[in-house]
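Please open the model in your viewer and keep the sequence panel beside it. The stops below are given in the order in which they may be selected.

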Amino acid sequence: MVSVSIIIPTLNEAADLPRTLRLVRQLCPEPVEVWVADGGSTDQTLALVRAAQTDWPNLHLLCCDRLGRATQMNGAAQRAQGDLLCFLHADTILPDDALTVIGQTLACPTVAAGGFISIMRGPTKTRWLTSLHNFLKTYYAPLLFRPHLFFFRGARLLFGDQAIFCRREQFLAIGGYADDMPIMEEADLLLRLVRYGRVRQVGRLVESSDRRVAKWGFWKANAIYLTIGFLWGIGYPPAKLKRWYADVR
């Protein structure tokens, strides 16, 4: 049976991380290990992880300089022992059998990577329209901006809240995430992984926080998502795009 390492990048995630860790621990089968890769939290994130480590030997903490999420995930991936990697946001909840789904998906040698369908939820509502748009964006974004990869290589663009997974060996072979990309690093990764096979959006759901939509409002949030995706697609520098995507924690 293949082994899966779950990697969770964090930066001031004390509000959401405890629930995520609690539910990760209940996955069946369990991950071989969980890495929390922190980028310089100033809240209680580190204390929460260290407290959980007291009775969870396979939970590891990696403290990084505040150089960006890509650097954090790369650092954890280099230390991970699992055959497969799953990159999980601290505000995203996996289904109980997620690791079985991951293993079955990557058992196909023509599939290089995958992710789930993300449903965006908050305490009082589910963001159905935004969730639908994110689902469709997985297909229309590569069709518009990388049509040759879409038609001939099976490229799909997944995003961080879809819990992207891939083979560790292939992830390391392409150099992992681009350290100099503060945003859209997942899309960039998948466009490089497609050399090994198709990218799949599996027909299972993960639940992600609606905190950005709740803070910005529906119209502003979706306008930002569309603008960033379009500008990235035509080659606008990611470092400049990041200015539009401020942290909301």
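The tour goes from a helix to the nonpolar core and then to the salt bridges.

This is a predicted model, in which local features need pLDDT of at least 70 and side-chain atom pairs count only at pLDDT 80 or more, while totals for chains, interfaces and linings use all residues. Residues are numbered from 1 along each chain as its sequence is written, and side-chain values use heavy atoms, with hydrogens and water left out.

Select helix α1, residues 17-24, where Leu-17, Thr-20, Leu-21 and Val-24 are buried; buried means under 20% relative accessible area, exposed over 50%, and partly exposed in between, with a 1.4 Å probe and protein chains only. Helices (H or I, at least four residues) and strands (E, at least two) are DSSP runs, numbered from the N terminus. Looking down the axis of α1, you will find its buried residues within an arc of 95°, so they line one face of the helix; the arc is that of the directions from the helix axis to the C-beta atoms. The cover over these buried residues includes β1 (4-10), β2 (33-38), α2 (45-53), β3 (59-63) and β5 (92-93).

Next, select Ile-6, Leu-94 and Phe-116, the residues with the most contacts inside the largest nonpolar core, which has 31 residues. Helix α4 (residues 98-106) gives the largest share of this core, five residues. Such a core is a set of buried Ala, Val, Leu, Ile, Met, Phe, Trp, Tyr and Cys residues joined through side-chain atoms within 4.5 Å. Around Leu-94, leaving aside its neighbours within four places in sequence, the residues in contact (heavy atoms within 4.5 Å) are Ile-6, Leu-27, Leu-88, Phe-116, Ala-163 and Val-206.

Now turn to the salt bridges, each a side-chain nitrogen of Lys or Arg within 4 Å of a carboxyl oxygen of Asp or Glu, of which the whole structure has 11. Select Glu-13 and Arg-211, whose side chains meet in one of them at 2.8 Å, N to O. This pair links distant parts of the chain, 198 residues apart, with Glu-13 in the loop between β1 and α1 and Arg-211 in helix α9 (residues 211-216). Glu-13 counts as buried, at 5% relative accessibility.

Finally, select Glu-186 and Arg-69, which form a salt bridge with the closest N and O atoms 3.4 Å apart. Glu-186 lies in helix α8 (residues 185-193) and Arg-69 in helix α3 (residues 69-79), 117 residues apart. Glu-186 is buried, with a relative accessible area of 6%, whereas Arg-69 is partly exposed, at 32%.
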